[in-house]
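This report describes the structure shown below.

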Amino acid sequence: MMKKILTVAVVAVCFIAFATPASALENEFGGYWRTRAYTQVNFTGEDDTEMKDVQLVDTRTRLYYTAIINDNLKLVNKFESDAEWGDTKRGDIGADHISLEIKNMYADFTIGQVNTKVGTQGWKVARGFLFDDDFSGLVVDIKGDAFNIPLVWIKAYEGYEGGTRGKDFNDFDVDYLAAAPSFNLDAVTLTPYYFGIFSDDPSAYAAIDAADAEELNIHFLGIDVDAKIGESTVWFTGIYEMGTIDWKDGTDSDIAAFCINLGASMDLGMAGIHGEGFYLTGDDGEDEDIDEFSSIPGQTHYWAEIMGSGMFDGQVSNNGKAFHDVTNIMALNLGATIEPMDKLTLKGDVWYAATAEDVAIAGGGEESDLGIEIDLVATYEL
């Protein structure tokens with residue numbers, strides 16, 4: 001008896017075909033350049049060692065090139081190169097190492113009221129408490145007069161095992177799905193959102209530290225509120241996290257966590273004041289359920305300069321929370337900005353932070369207090 005095998009392949013492909021004369025193609029260039037020199041001392045919180053002491057200079061440069069085909073279609077490319085002066089990768093004698101990175105490469109096209117970006121791009125939601133990073137995926141943004149509705153698919157991890165890609169590895173995929181409609185109501189902007197993380201087997205994705213997990217379903221429901229009241233701006237972010245992680249030993253953990261951020265600023269002419277506070281839950285460790293707000297790959301929220309990465313983001317102080325690991329923490333900030341002369345800005349901030357749940361400290365024991373930080377910044381515009 002003859003067996004007939006029918007193989008069906010379903011493929012979604014985006015083609016951009018054009019026959020545009022070179023003279024009609026508009027080329028747009030941009031870029032970014034910085035050099036930083038800084039010293040960090042006593043980030044361990046004790047005086048006996050110099051384990052976190054740093055003195056270094058680094059340089060970052062980015063080149064942006066956009067091919068504008070017409071009003072509704074453009075191809076965006078962004079390249080980046082980083083070097084620490086004197087390192088053995090890019091900044092040593094000779095300085096001829098291969099160090100060019102592709103930051104973004106995506107097609108941006110509009111059909112009617114729908115804008116679509118396909119490829120490696122950046123996207124942000126929830127002020128970075130959930131996601132603010134580059135990724136490979138799809139953003140479909142439906143635009144109206146007073147609203148826009150972005151629908152987002154982020155391919156966080158393409159499943160493979162043992163370094164070999166091939167069939168039967170779909171279960172190891174990790175996908176993010178999100179929707180973040182934004183409504184402009186004159187002086188108030190409302191942005192409710194949903195953000196979900198899904199995997200039938202996340203154990204191969206080291207970035208989420210779930211080697212013993214069998215299945216992952218995490219859901220975030222949140223809202224951003226931005227209001228303009230006279231010379232003041234007020235903002236609020238609230239996020240509730242829920243879901244389940246099934247473990248390979250047959251048990252499971254329910255997730256129940258939250259994040260709250262409230263802030264305000266006031267413009268006083270040559271001066272301004274600002275402040276904020278945020279609270280992200282930690283886990284008390286009393287049961288198998290998870291109460292700690294998840295710091296997922298893609299989270300990017302810079303805050304205090306020493307305790308929270310700031311602009312010098314190589315490390316944080318002992319038990320601090322780096323921009324990609326903001327969880328189990330409560331923090332308060334009060335600051336002021338002054339412009340004493342044209343192009344010169346002086347900014348000062350005071351931060352207090354503590355962990356939401358106690359953490360282990362060097363030398364034994366536990367505590368929650370992270371300390372008080374004072375940041376002073378002078379900026380001059382050339």
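## Negative surface patch

In this predicted model, a patch of negative charge on the surface brings together D252, D254, D284, E286, D287 and E288. One of its members, D252, is placed in strand β13. The relative accessibility of D252 is 36%. D252 is therefore classed as partly exposed, since that category covers the range between under 20% (buried) and over 50% (exposed).

## Nonpolar surface patch

A nonpolar patch is also present on the surface, formed by L221, I223, F236, Y240, M242, F258, I260 and L262. Together these residues have about 650 Å² of accessible area. Three strands, β11 (213-229), β12 (232-247) and β13 (252-267), each contribute at least two residues to the nonpolar patch.

Y240, one of the nonpolar patch residues, lies in strand β12. Its relative accessible area is 41%, so Y240 is partly exposed.

## Overall architecture

The chain contains 17 strands and zero helices. Along the principal axes, its C-alpha atoms fill a box of roughly 80 × 65 × 55 Å. The chain has 382 residues, of which 37% are buried.

Among contacts between residues at least 6 apart in sequence, 51% join residues at least 24 apart.

## Surface and charge

The accessible surface of the chain amounts to about 22,400 Å². Carbon and sulfur atoms account for 57% of that surface.

The chain carries 67 negative and 24 positive side chains. The centres of these two sets are 11 Å apart.

## The loop between β5 and β6

Which residue in the loop between β5 (114-125) and β6 (131-143) is considered here at the outset? A126 is found in that loop, and its phi is near 60°, a positive value in a residue other than glycine. The relative accessibility of A126 is 1%, so this residue counts as buried, the cut-off being under 20%.

R127 is located in the loop between β5 and β6 as well. Phi of R127 is near 55°, again a positive value in a residue other than glycine.

Technical notes:
Residues are numbered from 1 along each chain as its sequence is written. This is a predicted model: local features need pLDDT of at least 70, side-chain atom pairs count only at pLDDT 80 or more; totals for chains, interfaces and linings use all residues. Side-chain values use heavy atoms; hydrogens and water are left out. Patches are made of residues with over 30% relative accessible area and no salt bridge: like charges are joined within 9 Å, nonpolar side chains (Val, Leu, Ile, Met, Phe, Trp, Tyr) within 5 Å. Accessible areas come from the Shrake-Rupley method with a 1.4 Å probe; for residues, only the protein chains shown count as cover. A salt bridge is a side-chain nitrogen of Lys or Arg within 4 Å of a carboxyl oxygen of Asp or Glu. Helices (H or I, at least four residues) and strands (E, at least two) are DSSP runs, numbered from the N terminus. Buried means under 20% relative accessible area, exposed over 50%, partly exposed in between (1.4 Å probe, protein chains only). Lys and Arg count as positive and Asp and Glu as negative; His and the chain ends are not counted. The place of a charge is taken as NZ of Lys, CZ of Arg, CG of Asp or CD of Glu. Contact means heavy atoms within 4.5 Å.
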